[in-house]
Amino acid sequence: IRMISEKSCDTEDWSNNAENSLVFILCFQLPESLLQERDKRAKWHGIPVLLQELYESSHLNSDYTRTHIVLKELSSLLSMEAMSFVTEDRKTAQESTFPNTYTFDLFGGVDLLVELLMRPSLTTLQKPKMNDDLVKDCLSVLYNCCICTEGVTKSLASRDDFVLFLFTFMTNKKTFLQTATLIEDILGVKKEMIQLEWIPNLSGLVQSFDQQQLANFCRILSVTISEPDVGNDDKHTLLAKNAQQKRNTSPSRAEVNQVTLLNIPGFIERLCKLATRKVSEATGTSNFLQELEEWYTWLDNTLVLDALMQIATDEAEHSSTESSDESTLATIPLRHRLPQSMKIVHEIMYKVEVLYVLCVLLMGRQRNQVHKMLAEFRLIPGLNNLFEKLIWRKYTTSNHVVHGQNENCDCSPEISFKIQFLRLLQSFSDHHENKYLLLNAQELNELSAISLKANIPEVEALVNTDRSLVCDGKKGLLTRLLTVMKREPPDSSFRFWQARAVESFLRGATSYADQMFLLKRGLLEHILFCIIDSGCKSRDVLQSYFDLLGELMKFNIDAFKRFNKYVNTEEKFQVFLTQINSSLVDSNMLVRCIVLSLDRFESQTEDVKVVEVLSECCLLSYMARVENRLSFLFRLVNIINVQTLTQENVSCLNTSLVVLMLARRRGKLPFYLNALREKEYAEKYPGCLLNNFHNLLRFWQHHYLNKDKDSTCLENSSCIPFSFWKETVSVLLGEDRTCPCAIISYIDEPYMELDRDLLGD
């Protein structure tokens, strides 16, 4: 007892300690008088005595009546601590801040509740069954312990038998919410991801869910189908990722779980229905978002909302029908309008979870299978019909802080919903022929007309698009997105995701018709305004606009003509160049587009229009000067090395390769390599640039020659056969010092570092 009294003030994690098991065995055998005598001094608030009574009243032949009464008394001591944790400072809370929860765990309360819940699976003896209310209270107390004491969550997560057994409580609607909440919390800290196929009768369980339960189940699924975040920037490098992939040749648990879900009959169809179902017309007021801010701080997940919605529904059954007229609603106090507002945010939060699961599946190995199902179940037309009524309502404001690519930001449901919607569009359109489902029939006809006028064949994917699956109404989803994109404030984080979604529509093999469709809607002028005139400072937003501009202008002479019309002063052009030069990692894809386009236009001098734009366009004239191309090349090679290559900056290596491939085509590769050598000596770092570039190209071979998808992307985006990419790299890495196209020929002997095996290291 003395030891326990001292430990109760210590923050050591007893839940992961063998001593805890000893306490669990002994504490229920201690004399009650002894516990009471020590209780006041240790400030246990009678919890050990109550736990002893809980233990004694829950024997196998008990009817659990007394057990439930004692548990409710314990629950009241713990629930206030849990509420204070949720509403105050959950991030910095320590176990010692919540003495009641800590004492409950210390004296074996958590283990006792786990044993109570699992009894049906541990014995075959006939015994009284625990009623639903008792099960709910057991689950709630465990959840309270988890959110206040991290060690409890980790301890429960280490017990696979308990985690899997919890899913059996999800078959009962009365215990579903408490079970889902607890499972979500446990899986969030579990070191090893569970495999969904381990869950008993998973298919039957999912098929038994109503739509509300299925949406909440998506919160749990999101943890099981997403690859875990490595949490260390060093491990995000391509070098580390390649090494990891070598070690893990078999599919990950997340990939296995994705396949398991896709094999559940009707699963994807039900998710599509959830994502696209309409909110009741009698919901929603113009000041909904303002109301939401008043109480969202403590309603932070769908499960809490479900509980409150049930209360609201019960109350509604005993009250008269409320008017949905906005003027009437404005005079009613917030507490009476809450259920109506809750219905909207409830639906929004459902859709956030569903869209996230669909997005992850779209990015997985079964992408084509998922695409086929999403098209068949009309996900895109359904989202298009919801766009103005729910997804992007006219009164929505976006003056929130910029979060860039951080998906873990503390966002409201409305913001999370928009970002998840945009991420889904990005995943849906990226390098896939189904992207044309984002248009309506009239817009598809417009694309055909553009191709006919330009005397070029229609894209095969456009011809093969099933018109019965495209968007309805006057505007397709892509056009609606462009409209709201132009209205966003300059530094809105939505701009980043909007630009990414539109860019994904253009990615892949360059389509003149797709580009002209967007150019006719003023997209290029909007992008240039954002880069040059809006005062936008966000690097994330600017990077997304540079990438989009590159895809929009690539090989398109009309786009360069429009560019020159907008950037019609030297001052504007210098601002544009300053933005590009301020971060080449962000802008190098645009630089690549300009270099590739210039090379193609220079081979089309029989076209009067091309010759005219070549002579007038300030951007093409700037890139035509060899000293400017060399300046970009120097910097692109210098800002990366093998150890720092990531998915974000590897494009710099590929852009530098594009410059050298085009030089090789024209027989000027030796000139460029010699310029790199002269630059080294001028900077008094001989061998630095070329040794680094040599190592980068060795990594390039290691990374790309075994990846079909990545190599196809390089070929499609540059219109340069991948075979020429490989040949050029092989020539540059040649070992003959007399070859004028080999890097080794330009590194003096004393400065060679080519014997170092960086990739091996």
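The model is predicted, so local features need pLDDT of at least 70 and side-chain atom pairs count only at pLDDT 80 or more, while totals for chains, interfaces and linings use all residues. Residues are numbered from 1 along each chain as its sequence is written, and side-chain values use heavy atoms, with hydrogens and water left out.

**Figure 1. The protein chain has 41 helices and zero strands.** Helices (H or I, at least four residues) and strands (E, at least two) are DSSP runs, numbered from the N terminus. Of the 761 residues, 53% count as buried; buried means under 20% relative accessible area with a 1.4 Å probe, protein chains only. Among contacts (heavy atoms within 4.5 Å) with a separation of 6 or more, 78% join residues 24 or more positions apart.

**Figure 2. Helix α26 (residues 477-485) is largely enclosed by the rest of the structure, because eight of its nine residues are buried.** Here you can look for the buried residues Leu477, Leu478, Thr479, Arg480, Leu481, Leu482, Val484 and Met485.

**Figure 3. Helices α22 (residues 379-391) and α23 (residues 413-429) cross at roughly 150°, their axes coming within 13 Å.** That makes α22 roughly antiparallel to α23. Axes are lines fitted to C-alpha atoms, for helices over the stretch in contact, and angles run from 0 to 180 degrees between N-to-C directions; over 145 degrees counts as roughly antiparallel and under 35 as roughly parallel, with 65 to 115 roughly perpendicular and the rest oblique. The crossing is left-handed, meaning that the near helix is turned anticlockwise from the far one by less than a right angle (clockwise would be right-handed). On the α22 side, Leu379, Ile380, Leu383, Phe387, Leu390 and Ile391 take part, meeting α23 residues that include Phe417, Phe421 and Phe428.

**Figure 4. Asparagine 434 sits in the loop between α23 and α24 (441-453).** With a relative accessible area of 16%, asparagine 434 is buried. Leaving aside neighbours within four places in sequence, asparagine 434 is in contact with His371, Ala375 and Phe428.

**Figure 5. Helices α29 (residues 523-533) and α31 (residues 557-566) cross at roughly 45°, with axes that come within 10 Å.** The two helices are therefore oblique to each other, and the crossing of α29 and α31 is right-handed. From α29 come Leu524, Glu525, Leu528, Phe529, Ile532 and Asp533, and from α31 come Ala559, Arg562, Phe563 and Tyr566.

Key
Buried < 20%, exposed > 50% of the residue type's maximum accessible area, 1.4 Å probe, protein only.
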